Amino acid sequence: MNRKTFPIESYFLYFPDKLLDLGQEMLDAGKVSHKVENIDGLHIFQIKDDLDLEVEILLRRKTVHSCTCECQTFLDSQTCQHIVASIKLLLKKREEQRDQTKRKKSEAPKNVGLKHLLSEISDQELRTFVMHFGRSSPEFSLALRTQFADRVVTADNHLKYYQLIRKYAILMGMRSVNITKAKKFARYTDDLLLKSDDLLSTGDFREAFHVLYGLLYYFNSRSLADFDRVLRETLLSIYRRLDLFFRKDFAPALRHELLNLLWKLTEEDYRLHDSTQNLYHIVYTYGNSEYRKNCLLSLKERTKDGTVDITSLVCYLHLLLSDNKNKNQVRDLFHQRRYRLDELTAMLQTTLDLNHHDLVFTRATELYENPYSPEVRRVAFRFLIKALADSNQQISWYSRYFLDDGRKEIYLEAKERFPQKWKTVINDLILQLSNQKANDLLAFVYTSEGKEQNLLQLVQQSESIDFILQHSSPLYPAHKAELTQMIERELLRYLESHVGFHSISFVENVFQTLYRTGMTDIAENCRTVIIKRFGDRMFLGKSLKSL
């Protein structure tokens, strides 16, 4: 198949003038018809000339990737007038579709649509309507002010969103909260969070923070016991967004100002606002108000550079690990941080440094068995190994992690770390992998352990040519005959049930893999067999001969 690639709109640059004229004459005479339209980018055309011919064009993203024709001219010169005529027909149909779309858009509207109506109203008429409707509808007025509050600078600019939120709460009657009110209020606060995201994306960091600060200020003016779980989720969303302002260095002056605003909230009732969870709940759990005050003052001192020092808080918590109540609080803290890998690692390391090996083992086991992500499981595994002193238990965890996640580097690490003891678990690993039908991992184990006959038997049982190619290198050249037989078998089986461009591409990839891995003699034998068996498939034979 011709692989010349060119933009379809500029096709005339890639064909001789004579063929362009012949193609236009053929199109004008009605000798070209579109037989198959856009199957995965493939277009097939029927040509009624002296002979009935087919033209195939592969078109993706306005680019012709390949084009073929059955005529002798194409076979001799890789181009012909039939391809030109087909491209012209394809462009003609695309132009007709565009014209049809334009005609539909130009039709008069069937009803009074908002977009059409706004185009007919003057700015003054719209302003007058908004002013009158805003006076009669407090909800509309508040929604309008909230949407465009960033356009106005007030005397207490950092409090303007708090004032808007408070007015909305009064309008809704939030003195008594029920599930319906909570959900409606949550939708309003979600809209504000999206507004903060939009401001952040445009670089208006100060205004984005003022939105978050207004939300925090309102929530902190109420007892959290007043709010439904729905609003607690909204509060957590605010803390997650604050992470940007703690961790990103937008501008030193702005960071200082933002942190000062946050500490104003902290100083009111000893509340520490963190990016993922409301940690003041945990601080309140310990001791008297003097302890809470000292803890927060120390944290404030440690965060002068603009970073919330979560590890410091964990260290304070560990000072009070003398009863089960405190241990449960630390467990909750680990659970809340399970999706923050850096903080999770810092807490586990702090716990380990304080020689709480049992606690590390317990928490790491929970994280391993209920991971938020593969990276969390990887971190949990590493701390499990650090917390265990018994090498037999370590080997057991290495084996389990390899079976659970299939990380080949874990197998090699364990084999190198426990060269003698690891041999005792290999047979058990092979049995479990066989039961799980994890053939890729099983082949890896056979290769690592030099079990050549077991690997050959596993490959022979496979009906996947990809699997055979992937694991053939360790068997070559000692088992060249068996590999040749298996690859021939799978290629013939595939070609019996597949035809067309995709089948040729698949076979080409197989042969390229054989040549790339140095199995040239197997490739030559298979090519001879395929050409002999499928000699009537012209493009397949031509492709194989060109390799």
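Helix α17 (residues 357-369) packs against helix α19 (residues 391-405) at an angle of about 20°, and their axes are 13 Å apart. This is a predicted model. Two packed helices are described by the angle between their axes and the distance between the axes. Angles under 35 degrees count as roughly parallel. Helices α17 and α19 are therefore roughly parallel to each other. The crossing of α17 over α19 is left-handed.

Which residues make the contact between these helices? From α17 come Phe361, Thr365, Tyr368 and Glu369. They meet Trp397, Arg400, Tyr401 and Asp404 in α19.

Now step back to the whole chain. It has 28 helices and five strands. Of its 547 residues, 44% are buried. Take the contacts between residues at least 6 apart in sequence: 57% of them join residues at least 24 apart. The accessible surface comes to about 30300 Å². Carbon and sulfur atoms account for 51% of that surface.

Turn next to the strands. Five of them form an open sheet, in the order β1-β5-β4-β3-β2, and the pairing is antiparallel. Strands β1 and β2 (32-39) stand at the edges. Each has a single partner strand, so one side of each is left without a neighbour in the sheet.

Strand β1 (residues 6-7) is joined to β5 by two bridges, and the two strands run antiparallel. Here Pro7 stands opposite Thr63 in β5.

Strand β5 itself spans residues 63-69 and is mostly covered. Five of its seven residues are buried. On to β4 (residues 52-60), which pairs with β5 over six bridges in the antiparallel sense.

How many residues lie between the strands in the hairpin of β4 and β5? There are two. In this hairpin, Arg61 takes a positive phi near 55°.

The sheet continues from β4 to β3. Strand β3 (residues 42-48) is joined to β4 by seven bridges, again antiparallel. Leu42 stands opposite Leu58 in β4. Beyond β3 in the order comes β2, at an edge of the sheet.

Definitions and conventions: Residues numbered from 1 in each chain as written. Predicted model: local features only at pLDDT ≥ 70, side-chain atom pairs only at ≥ 80, totals over all residues. Heavy atoms only, no water. Buried < 20%, exposed > 50% of the residue type's maximum accessible area, 1.4 Å probe, protein only. Helix = DSSP H or I, 4+ residues; strand = E, 2+ residues; numbered from the N terminus. Pairing = 2+ DSSP bridges. Contact = heavy atoms within 4.5 Å. Areas by Shrake-Rupley, 256 points an atom, 1.4 Å probe, with all protein chains shown as cover. Axes fitted to C-alpha atoms, helices over the stretch in contact; angles between N-to-C directions. Parallel < 35°, antiparallel > 145°, perpendicular 65-115°, else oblique. Left-handed = near helix turned anticlockwise from the far one by under 90°.
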